Amino acid sequence: MPAWLAALNPGWLMILVGIAALFIPYRQVRQVLTVGTPIVAIALLVMAPHEVDLLTAEALDITFSFYRVDSLNFIFGLAFLIASLLNAIYALHTNNPRQDGMALAYAGAAVSASFAGDLMTLFIFWEITAITSVFLVLQAGTRAAYFASMRYLVIQILSGVILLDGLSYVWRYNGTLSLEAFQSFSDPGAIYIFIALGIKAAFPFMHNWLQDSYPKASVVGAVVLSAFTTKLAVYGFARLFPGFDALIWIGAIMTVFPVFFAVIENDLRRVLAYSLNNQVGFMICAIGVGTAGVGNALALNGASAHAFAHIIYKALLFMSMGAVLYRTGTTKASELGGLYRSMPWTTLFCIIGGLSISAFPLFSGFVAKSLTMSAVAYEGVSDAGMVVVWLMLLFASAGVLEHSGIKIPYFAFFGHDSGKRVKEAPFNMLLAMGMAAFLCIAVGLPAIIPGFGYQWLYSLLPYPVEASSYQPFTLEHILTQMQLLVLATFAFILLKRFALYPAEKPGTILDTDWFYRKAGYGFVQWSGTVWGKMGPAMSAMFSRLSERAYKRLESAFSPRGEIARGGLSGGASIWTAVILAAVLLMSFLSS
């Protein structure tokens, strides 16, 4: 392969084509580009050599490494490219140049950031992901989408600014911007970069931008958004903060708290947004357990495998709800039901996505989540605190089945009959969902055929040797997971039977951001009221005081003032010179 072709960053190619797509009026040409570019990008990535700086440059005494592939970022980049291909196919029924172009550029920015070899390059594409992704929310064209997009943009840019602060400290004290893992929070810039990544990963109390923006995005936009932003942050944590104990507990909390919100939420796309928080929590927890050492390679393998599988099955679930929204105009559970009659293929694909995210055996979520659960259980042998974490993850796994594996398919396609009789989703939507469903099954199967099944996924992980010796399909793993799933299903049936399951009804679920949004808005209103009453009086008083002080100074020091008319003077300038000379003399004597 020519050297220039090996050095061609697939993310850059996608950004350039995405920008070009904005100005291509011909729908067919644009479709060929948006579908063909990810395919070419996958080929470029597969052929790229590893552990080599393929594209570098120097400026301002900074060495930029624009393209470096290794065992960690390869699987993230590959998942991003596959998701981009699925997104492009899913959007073929639309004729929206801005959406097509920004979706491709957004994916390309995420790919470019994952292959960055230094912090400054990571920051550049980190910001590009924010700028390009906001258009996918705006394309919904609603007033709510506009306000959500502005909030989304502000928070994403804030994350970038904090990241820039952190890397400036790294540069100041270390003299380098290489992507090296931090050892502790006391390292220069570590805490700033940690917070920046945490915002993008939607940590607790930093997560509300996700539930606010994703459900308000366009049908295609929500699918695209689900794949890149939070998983780019997961990659950043795996690269820079492996083995940080704080991530274990943050991740565990992330897995648990969305369960309660998702169970009572009526908007099914918002349920998926909460579910996304839950799933990212598993990855964050695994990164906290894992280190660069071989002993905890199981955890980092688990985080990477989970990220790959999650990108696919979460996209599948958002696709199915997007198809429902496209045909019915709503994803409110209270307004849906009985759609399996008119949308059978969408129903089937949604169920496959639900089985995958619930980690049923023979589906991708099972072979990915098993790695993380095994790593936490292994650490729990010598650490009692890890037993608590393992129980939290176990509870969260049951919760995933409740809200994503059961609630979404049940209330959208079964449950009570809403009477809606609509067309099946367009063929391109079904094709994209079918491809995603195939991957969910193919990756989760035992390795009956060489090079096929879960071992294919394991061969892509950061520690493939350790992954090859791990067996997810053991009797212990299968029985534990099936007991959990059966009990969770039984609990759902009982709660529904005795009318104890939260009723699906219109309403707004108040999240943690209510406190500071309500308090902040109230403070602004109060400040405005106070200023409206006191402002004019205070301004008038300040004006009078300023005018009086000016008149006194003028009467003393102006050419017409008292000092200027004194016997010693020839003007106020002489006194100014005398005072300045005295100050200089005192400064000289004191030194």
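The model is predicted: local features need pLDDT of at least 70, side-chain atom pairs count only at pLDDT 80 or more, and totals for chains, interfaces and linings use all residues. Residues are numbered from 1 along each chain as its sequence is written, and side-chain values use heavy atoms, with hydrogens and water left out.

Start at helix 8 (190–200). Helices are DSSP runs of H or I, at least four residues, numbered from the N terminus. Eight of the eleven residues of helix 8 are buried, so the rest of the structure largely encloses it. Buried means under 20% relative accessible area, exposed over 50% (1.4 Å probe, protein chains only). Among the buried residues are Ile193, Phe194 and Leu197. The buried residues pack against helices 6, 7, 9, 10 and 11. Just after helix 8, alanine 202 takes a positive phi of about 65 degrees.

Tyr169, Tyr173, Phe185, Ile191, Tyr192, Ile195 and Met206 make a nonpolar patch of about 600 Å². Such a patch joins nonpolar side chains (Val, Leu, Ile, Met, Phe, Trp, Tyr) within 5 Å, from residues with over 30% relative accessible area and no salt bridge. A salt bridge is a side-chain nitrogen of Lys or Arg within 4 Å of a carboxyl oxygen of Asp or Glu. Areas come from the Shrake-Rupley method with a 1.4 Å probe. Helix 8 gives the most, three residues. Tyrosine 173 lies in helix 7 and is exposed, at 54%.

Now turn to helix 14 (residues 344–357), which holds threonine 346. Threonine 346 counts as buried because its relative accessibility is 0%.

Conventions:
Helices (H or I, at least four residues) and strands (E, at least two) are DSSP runs, numbered from the N terminus. Patches are made of residues with over 30% relative accessible area and no salt bridge: like charges are joined within 9 Å, nonpolar side chains (Val, Leu, Ile, Met, Phe, Trp, Tyr) within 5 Å. Contact means heavy atoms within 4.5 Å.
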